[in-house]
Amino acid sequence: MLFLQLPLLAVFLPGGNNEEAIQEPISFQLIQISSFANQTWAQNQGSGWLDELQTHSWESELGSIIFLHTWSKGNFSDEELMDLELLFRVYFIGFIREVQDHASALKLEYPFTLQVSLGCELHSRETPKSFFHVAYQGSDFLSFQNMSWVPSPEGGSRAQNVCNLINQYQGIQETVHGLIRNTCPRFVLGLLDAGKMYLQRQVRPQAWLSSSPTLSPDWLLLVCHVSGFYPKPVWVMWMRGEQELPGTKQGGILPNADGTWYLWVILNVKAEDVADLSCWVRHSSLGSEDIIISWGHHISMNLTPLAVVVPLTLLIGLALWFKKHCSYQDIL
């Protein structure tokens, strides 16, 4: 059925116990998105994530793992990774075939999407936590708990029927248990070790201000942009003097293409009240020094290039005129 190919994992995946500790909770998960358009067309997408950083993707046409960073192989050998790649290739092919063969009996209505998320979460002084969740059409469908498959309330009788079927295969339960309880923690520790320099880097943020009019002509929407920082935790606030302004609203922290982060923080304020306003940025890369950009300083900084470029242009023009004038006098 859905996971009849999983017993093959026991042949290929390395085991191992995790007795080491890490400083901060961190998770690794594999995400599978399988889209079924009809009885004959389906597509698998796969990716690997260390917390919110994507570390792997799956090339579905070639059936191969794409390592998105030089350290994405962790401490697994090339032979182990080749075995994993072969395993996933066989698994994805088998997954589509099994779902299509049983779609009618399970009343899966085309088109539909199945989403699988499995992995582990490591804590400094706790036993690693593992998870395996399956969603159907974006809703919880079933999960793996205590060596068996359990239907989610949203899955109804359809999920119960799937669980009844795959719970008959003890090899599947044992393989999944070993994958998320043993292999995953060892792989995470290998990633953390191999990617130490990248994951522990400190990148200073860049900050700038902008504004836009609101529906009311007497109000301004001030925006403080902070970009290019790493790691993700950051504190940004509009201030008046050293007093935090309660009207500050923060958008979501978004990823940049280079692995750093971007954030904007807005403040809706009366145009007459912009004096003494400033945006403060605190980040681990800055040490004990905050970035402070006042609204007045923001304006003067925008004028600074003009103050330099205009006199420079005049001087160049004057020099060219003087050179031409002197050359004309020499000819005479």
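**A serine and its surroundings**

Guide: Leaving aside neighbours within four places in sequence, Ser227 is in contact with Pro205, Gln206, Trp208, Asn256, Trp261 and Tyr262. The model is a predicted one. Ser227 belongs to strand β10, which covers residues 219–229. Its relative accessibility is 14%, and because buried means under 20%, Ser227 counts as buried. One of the residues it touches, Asn256, is also joined to Ser227 side chain to side chain by a polar contact of 3.3 Å.

Ser34 lies in strand β1, residues 26–36. Ser34 is buried, and its relative accessible area is 0%. Its side chain has a polar contact of 2.4 Å with the side chain of Asn44. Not counting residues up to four places away in sequence, Ser34 touches Gln43, Asn44, Phe95, Phe112, Thr113 and Leu114.

Next is a residue in strand β3. Leu53 is found in this strand and, at 19% relative accessibility, counts as buried because the cut-off is under 20%. With residues up to four places away in sequence left out, Leu53 touches Gly48, His69, Trp71, Tyr198 and Leu199. The C-alpha atoms of Leu53 and Gly259 are separated by 7.5 Å, and the two residues are 206 residues apart along the chain.

Strand β3 (residues 53–59) is joined to strand β4 (residues 64–67) by 4 bridges, and the two run antiparallel. Within this pair, Ser57 stands opposite Ile66 in β4. β3 and β4 form a hairpin with 4 residues between them, and in the turn Gly63 has a positive phi of about 65°.

Cys279 has Ile293 in β17 as its bridge partner.

As for open space, the second largest pocket holds about 150 Å³. Its lining consists of Lys129, Ser130, Phe144, Gln145, Asn146, Met147, His177, Ile180 and Arg181. β6 (129–136), β7 (139–145) and α4 (170–194) each supply at least two residues of that lining. The largest share, 3 residues, comes from α4. By class, the lining has 3 nonpolar, 4 polar and 2 charged residues.

Some totals place these parts in the chain. The secondary structure comes to 6 helices and 17 strands. Of the 332 residues, 39% count as buried. Among contacts between residues at least 6 apart in sequence, 60% join residues at least 24 apart.

Conventions
Residues numbered from 1 in each chain as written. Predicted model: local features only at pLDDT ≥ 70, side-chain atom pairs only at ≥ 80, totals over all residues. Heavy atoms only, no water. 1 Å grid on protein atoms, 1.4 Å probe; cavity = no way out; pocket = protein on both sides within 12 Å on 5 of 7 lines; lining within 4 Å. Points joined across faces, edges and corners; volume = space filled by probe spheres on them. Nonpolar A, V, L, I, M, F, W, Y, C, P; charged D, E, K, R; others polar. Buried < 20%, exposed > 50% of the residue type's maximum accessible area, 1.4 Å probe, protein only. Polar contact = N/O pair within 3.5 Å; in protein donor to acceptor, adjacent residues only side chain to side chain. Contact = heavy atoms within 4.5 Å. Pairing = 2+ DSSP bridges.
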